[in-house]
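Please walk through this fold with the model open beside the text.

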Amino acid sequence: VAERMDAPFYHAGDPNKEVLLARWKKDNGVMIATTALGLGVDFAGVVLVLCLGVYSAIDMVQMFGCVGRDSSPAPTVLVVTRDDLPTELGERFATGCRQRCLSSYLNGGAGAVCDFGHNACDHCAGGATRAPGS
């Protein structure tokens with residue numbers, strides 16, 4: 001993906017982390033990375049995090065925490081199949097508010113509820129889609 005997008009790729013232990021981060025900041029572009037990048041990003045300008053799959057709660061908090069540091073609204077997109085979800089999330093995620101489900105997974109509480117406005121999850125906004133077999 002990184003090669004096709006002509007974007008830097010970061011993974012844990014990459015000795016060029018600082019160079020890659022500097023290029024990303026300078027080009028104001030795209031960075032393809034593993035979850036290891038979350039700890040190294042502390043600057044404004046991250047406008048979107050696209051996450052493929054579900055990771056540990058701490059990894060997801062770190063990834064999603066990278067976006068919107070300049071106080072601007074910034075989306076996070078989570079792309080999953082039912083098989084990606086931990087057992088405790090699977091059915092709730094498939095049939096209910098995705099925001100509440102993920103919020104409870106990430107912070108261990110009851111979870112936030114969608115505001116049914118522009119920040120509503122796809123399920124609450126009525127646009128939930130499912131690929132065959134997911």
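For sorting a lining by class, Ala, Val, Leu, Ile, Met, Phe, Trp, Tyr, Cys and Pro count as nonpolar, Asp, Glu, Lys and Arg as charged, and the others, Gly among them, as polar. By these classes, the lining of the second largest pocket has 21 nonpolar, 6 polar and 1 charged residues. The model is predicted: local features need pLDDT of at least 70, side-chain atom pairs count only at pLDDT 80 or more, and totals for chains, interfaces and linings use all residues. Residues are numbered from 1 along each chain as its sequence is written, and side-chain values use heavy atoms, with hydrogens and water left out.

A pocket is found on a 1 Å grid over the protein atoms alone, as an open set of points where a 1.4 Å probe fits, with protein on both sides within 12 Å along at least five of seven lines; lining residues have an atom within 4 Å of a point. The second largest pocket holds about 780 Å³ of space, the volume filled by probe spheres set on grid points joined across faces, edges and corners. Its lining counts 28 residues, and M31, I32, L48, V49 and L50 lie nearest the centre. Which elements supply at least two lining residues each? They are α2, β2 (32-33) and β3 (49-52). The largest share, 4 residues, comes from β3. Helices here are DSSP runs of H or I with at least four residues, strands are runs of E with at least two, and both are numbered from the N terminus.

Now turn to α2, residues 17-27. K17, L20, L21 and W24 are its buried residues; buried means under 20% relative accessible area, exposed over 50%, and partly exposed in between, with a 1.4 Å probe and protein chains only. These four lie on the same side of α2, because they cover an arc of only 100° around the axis. That arc is taken from the directions from the helix axis to the C-beta atoms. On the other side of α2, E18, V19 and K26 are exposed. Part of the cover over the buried residues comes from β1 (9-10), judged by contact, heavy atoms within 4.5 Å.

L21 sits in α2 and is buried at 5% relative accessibility. Just after α2, N28 takes a positive phi of about 50°. D6 also has a positive phi, near 50°, and is a residue other than glycine. D6 belongs to the loop between α1 (2-5) and β1. Is D6 buried or exposed? D6 is exposed, with a relative accessible area of 62%.

Next comes α3, residues 57-64. Its buried residues are M60, M63 and F64. They share the same side of α3, because their arc around the axis is only 90°. Their cover includes β3, β4 (76-79) and α5 (98-107).

Finally, step back to the whole protein. It has 5 helices and 4 strands, in the order α-β-α-β-β-α-β-α-α from the N terminus on. Of its 134 residues, 31% count as buried. Among contacts with a separation of 6 or more, 44% join residues 24 or more positions apart. The accessible surface comes to about 8400 Å², of which 55% belongs to carbon and sulfur atoms. That area comes from the Shrake-Rupley method with a 1.4 Å probe.
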